[in-house]
Amino acid sequence: MVNHSLALVNREMELALIETGQVNLSILPVGEDNFSALLNSRSRGLIRYFQQRASFPIDVHVRHQWPPNWTAPPVGHWVVIQPWEYGGLPLEWVQRINESVDEAWVPSTFVTHLYTQNGVDPAKVHVIPNGVDPEFFKPGGRKFPIPSTRRFKFLFVGGTIYRKGVDVLLQAYGRAFTRVEDVVLVIKDMGTRNLYEGQGMITRIRDFAAAPNAPPLFYMDDDLSDNDMVALYNTCDCLVHPYRGEGFGLPVLEAMACGRPVIVTAGGATDDFVDDHVGHCIPSARRVFDNRKISGIRTASDL
């Protein structure tokens, strides 16, 4: 098992299928196990389904991984779960889905529009939103040991990459507060050893924290257990997620389930579940850039 958002979504989907008592399940993990020891007992129960040889007909094959694997399974209805965060969908995705995939499941209305506007057959695209377990992510419980006595704690959870808007967050935080004020920004970096390895803004974060009058900041990129993540949300007072591009924004929903208000970008994926009753939506505008290739991938809008 691994520790990133796609793996978390997969685990919860697998558990929900098992708990129905109506599904025979076989799990084909991608990558080496480096996280199972930190899972709660409920999730560790999935291990017995790994690489289980199916003794039953395969009706549905669901694939959700990064990078995507477009090799069609030998049998069964083929479902691909593949979020995307930018305007132009990769050309290969459009072609593969239209030619071979039976259904494309996306986590938000925003991603649905990206798919269909870039040429994917609308009949194949279905919104299957991510979710959280409200019996696990909930207010109360123990606190996470943050080394700060400041009263109000802002929290950012996610990869510290350009798309997530960490630089925007640092600019806004530095304009609003100084070192003497009773606040601290907690940054829980994600994916530093897998999905976002070498892509984060750790140097910029350290430079910000070292500035003479910068408001307090606490950074960590440790792999935390599920229980520790719940404790972290409940220790902090507000989640801040000023993304430039997002397919869903699972930490936003997790924080909300723990009773925390959120500050997010308006006009994106979180519009499905965040409004002025539960948080503050930052006005945003769409920008089109000359270079339409993303990480070297040619997109549908690059024609």
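Guide: Let's start with Leu 155: beyond its neighbours within four places in sequence, Leu 155 is in contact (heavy atoms within 4.5 Å) with Leu 185, Val 186, Leu 232, Tyr 233, Cys 236, Cys 238, Leu 239 and Val 240. This is a predicted model, where local features need pLDDT of at least 70 and side-chain atom pairs count only at pLDDT 80 or more, while totals for chains, interfaces and linings use all residues. Residues are numbered from 1 along each chain as its sequence is written, and side-chain values use heavy atoms, leaving out hydrogens and water.

Visitor: Which residues touch the most other members of the largest nonpolar core?

Guide: Leu 155, Leu 232, Tyr 233, Leu 239, Val 252, Val 262 and Val 274 do, out of 31 residues in that core. A nonpolar core is a set of buried Ala, Val, Leu, Ile, Met, Phe, Trp, Tyr and Cys residues joined through side-chain atoms within 4.5 Å.

Visitor: What makes Phe 154 count as buried?

Guide: Buried means under 20% relative accessible area, exposed over 50%, and partly exposed in between, with a 1.4 Å probe and protein chains only. Phe 154 has 14% relative accessibility, so Phe 154 counts as buried.

Visitor: And what about Gly 268, buried or exposed?

Guide: Gly 268 has a relative accessible area of 11%, so Gly 268 is buried. Leaving out residues up to four places away in sequence, Gly 268 touches Phe 110 and Tyr 243.

Visitor: Why is the pair of Phe 154 and Phe 177 called tilted?

Guide: Rings of Phe, Tyr and Trp (its six-membered ring) pair if their centres lie within 6.5 Å; planes under 30 degrees apart count as stacked, over 60 as edge-to-face and the rest as tilted. By this rule there are 12 aromatic pairs. For Phe 154 and Phe 177, the centres are 5.7 Å apart and the planes stand at 45°, so the pair is tilted.

Visitor: How do you know that α5 and α6 are roughly parallel?

Guide: Helices (H or I, at least four residues) and strands (E, at least two) are DSSP runs, numbered from the N terminus. Axes are lines fitted to C-alpha atoms, for helices over the stretch in contact, with angles from 0 to 180 degrees between N-to-C directions. Angles under 35 degrees count as roughly parallel, over 145 as roughly antiparallel, 65 to 115 as roughly perpendicular and the rest as oblique. The axes of α5 and α6 come within 11 Å and cross at roughly 5°; α5 and α6 are therefore roughly parallel to each other.
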